[in-house]
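Reader: Could you walk me through the salt bridges in this one? I'd like to see the structure before we start.
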Amino acid sequence: MGNFRDKLVRFLYGRYGTDHLYYFMFAIWIIISVAGLIVRHPVFYVISIVIMLLMIFRSMSKNIEARRKENAFFLKFFNPVKREILLLKDRIRDIKTARYRKCRHCKALIKLPKVTGRHTVKCPKCGGKFDVRIIF
Ligand SMILES: [Zn+2]
């Protein structure tokens with residue numbers, strides 16, 4: 001058993017492993033696989049196999065620099081989307097008590113108490129003043 005473990009450790013040594021792109025691909029793979037079970041069209045199976053092979057290839061790759069660049073490229077597009085999703089979650093959570101507005105000067109996001117009407121807001125980040133209207 002120790003011999004097998006040594007061989008496995010030697011095999012995995014220097015391999016890239018998992019990253020954000022890997023987990024994203026895994027989530028897409030699950031969605032495609034479940035869709036394939038429901039729709040039962042061969043294109044879903046082909047796509048899920050391609051995604052699985054890419055995941056295995058990337059995690060077993062020894063070209064760490066290339067995989068790291070792929071992940072950085074992915075994160076460049078994924079992080080803004082993730083930020084918007086988290087912001088939407090906050091907006092839904094605070095819907096009864098607060099409203100979010102962007103500063104006209106520095107684009108910082110400001111959480112305002114939910115008080116209907118027109119207000120002049122001073123940005124806590126840059127100090128710039130601007131008008132906001134909270135309708136409901
Ligand atoms: Zn500002």
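Author: What follows is a short talk about the charged side-chain pairs in this predicted model.

Reader: How many salt bridges are there?
Author: The count comes to 7 salt bridges.

Reader: Okay, which residue does Glu 70 pair with?
Author: Glu 70 forms a salt bridge with Arg 67, and their closest N and O atoms are 2.8 Å apart. The two residues sit 3 residues apart in helix H4, which covers residues 64-93, so they are separated by about one helical turn.

Reader: And is Arg 67 buried or exposed?
Author: Arg 67 counts as buried because its relative accessibility is 7%, which falls under the 20% cut-off.

Reader: Where do Asp 90 and Arg 93 lie?
Author: Both are in helix H4, 3 residues apart, about one turn of the helix, and their side chains meet in a salt bridge at 3.3 Å, N to O. Asp 90 is partly exposed at 26% relative accessible area, whereas Arg 93 counts as exposed at 57%.

Reader: Switching topic, what does the pair of Lys 111 and Asp 94 link?
Author: The side chains of Lys 111 and Asp 94 meet in a salt bridge of 3.3 Å, N to O. This pair links distant parts of the chain, with Lys 111 in strand E2 (residues 109-113) and Asp 94 in the loop between H4 and strand E1 (98-102), 17 residues apart. Lys 111 counts as partly exposed at 49% relative accessibility, while Asp 94 counts as buried at 7%.

How values were computed: Residues numbered from 1 in each chain as written. Predicted model: local features only at pLDDT ≥ 70, side-chain atom pairs only at ≥ 80, totals over all residues. Heavy atoms only, no water. Salt bridge = Lys/Arg side-chain N within 4 Å of Asp/Glu carboxyl O. Helix = DSSP H or I, 4+ residues; strand = E, 2+ residues; numbered from the N terminus. Buried < 20%, exposed > 50% of the residue type's maximum accessible area, 1.4 Å probe, protein only.
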